[in-house]
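Hello,

Please find the structure below, with the sequence alongside. My notes follow.

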Amino acid sequence: MSLLGNRPLGGLATITVVVVGCFAFAIGFILLPAAEPQATLWERICRAAGSSTAIGANTGGAALPGFTSVVLPASAMTRGTPLQIGRGATLALRCTACHGAQGLSGANAPNLAGQYPEVIYKQLVDFKRGARSDAVMGALVAALTEKDMLDLAHYYAYLPRQESDQPLAAAPPLVRVGDPMRNIAPCASCHGSQDGKTGAPALEGEPQTYLRTQLTAFATGTRKNDPNAVMRGEVRRMTAAEIDGLARHYAGVSPENAAGAYP
């Protein structure tokens with residue numbers, strides 16, 4: 001005999017909906033308020049879902065801690081004009097000490113040559129607003145205008161990028177397929193040359209130390225300018241050895257590796 005007896009399926013569905021509704025009510029109006037009494041209901045729900053703050057929150061033009069509010073203009077996602085590139089080249093003279101004369105760093109700063117313009121623009125805006133913190137970058141971008149940041153982005157995007165000699169087939173599993181059991185998406189789904197995501201940086205050829213430092217910062221939460229905490233959610237599930245493996249893979253042909261600074 002069926003445990004459901006003669007109860008119609010519709011009745012079972014109704015009971016399920018009621019149970020789920022009560023569960024959601026308990027979380028939204030009892031457990032969350034008790035955990036965060038000073039936050040609004042919408043903020044508590046967003047945080048419970050993994051977002052660092054409520055989506056659509058009014059930032060007043062400044063970044064909230066752990067929140068990036070950059071809206072990419074269309075002009076940041078198109079090819080730069082010769083005038084923009086020329087102005088950017090002049091502005092970049094102040095950047096060569098860390099990022100190199102041709103946008104290729106010999107230090108632990110990121111290589112900017114050939115990077116997507118919207119990526120560079122977003123990071124400059126984040127540094128300017130305080131969503132991303134660095135004493136040197138914060139001072140350098142303080143006086144930059146919107147036009148200046150777009151010009152710099154287009155200049156560096158114009159420069160030739162180092163080609164990676166790391167085939168995808170030889171990449172670590174986290175790059176190729178991720179880890180579904182730990183809810184880690186493949187790195188290549190956002191950062192791949194064939195399957196990239198708008199606003200996600202190209203990582204090939206970046207300095208190994210820089211990559212490891214930034215991934216670790218996302219994992220520990222000390223870097224918080226990833227939209228909706230996407231990178232923090234991914235990297236915090238990785239081990240230190242996996243982070244190091246990703247840094248080694250993407251560094252591939254970076255100047256520091258070519259110089260033999262790292263094995």
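**Two asparagines in loops**

Asn228 sits in the loop that runs between helix H10 (208-220) and helix H11 (230-235); helices here are DSSP runs of H or I with at least four residues, strands are E runs of at least two, and both are numbered from the N terminus. This is a predicted model, in which local features need pLDDT of at least 70 and side-chain atom pairs count only at pLDDT 80 or more, while totals for chains, interfaces and linings use all residues. Residues are numbered from 1 along each chain as its sequence is written, and side-chain values use heavy atoms, with hydrogens and water left out.

Asn228 is not a glycine, yet its phi is positive, at about 55°. Most residues other than glycine have a negative phi. Asn228 is partly exposed, with a relative accessible area of 48% (buried means under 20%, exposed over 50%, partly exposed in between, with a 1.4 Å probe and protein chains only).

Asn183 also has a positive phi, near 60°. Its loop is the one between helix H8 (173-176) and helix H9 (188-191). At a relative accessible area of 53%, Asn183 is exposed.

**The chain overall**

The protein chain has 13 helices and 0 strands. Of its 263 residues, 39% are buried. Among contacts (heavy atoms within 4.5 Å) between residues at least 6 apart in sequence, 67% join residues at least 24 apart. The chain exposes about 14,700 Å², and carbon and sulfur atoms supply 64% of that area, as computed by the Shrake-Rupley method with a 1.4 Å probe.

**H3 against H7**

Helix H3 (residues 82-91) packs on helix H7 (residues 146-158) with the axes 7 Å apart and an angle of about 95° between them. The axes are lines fitted to C-alpha atoms over the stretch in contact, and angles run from 0 to 180 degrees between N-to-C directions. H3 is therefore roughly perpendicular to H7 (65 to 115 degrees; under 35 counts as roughly parallel, over 145 as roughly antiparallel, and the rest as oblique).

By class, the contact of H3 with H7 has 6 nonpolar, 3 polar and 4 charged residues. Here Ala, Val, Leu, Ile, Met, Phe, Trp, Tyr, Cys and Pro count as nonpolar, Asp, Glu, Lys and Arg as charged, and the others, Gly among them, as polar.

**Cores**

A nonpolar core is a set of buried Ala, Val, Leu, Ile, Met, Phe, Trp, Tyr and Cys residues joined through side-chain atoms within 4.5 Å. The largest one has 23 residues, of which Tyr121, Leu124, Leu152 and Tyr156 touch the most other members. H3, helix H5 (117-129), helix H6 (135-141) and H7 each supply at least two residues of this core, and H7 gives the largest share, 6 residues. Leaving aside residues up to four places away in sequence, Leu152 touches Gly88, Leu91, Ala92, Leu124 and Leu144. A second, separate core has 16 residues, including Leu211, Leu215, Phe218 and Leu246.

**Two further residues**

Gln214 lies in helix H10 and is buried, with a relative accessible area of 16%. Not counting residues up to four places away in sequence, Gln214 touches Arg132 and Arg223.

Pro167 is in the loop between H7 and H8 and is partly exposed, at 47% relative accessible area. Pro167 and His249 are 82 residues apart in sequence, with their C-alpha atoms 9.8 Å apart in space.

Regards
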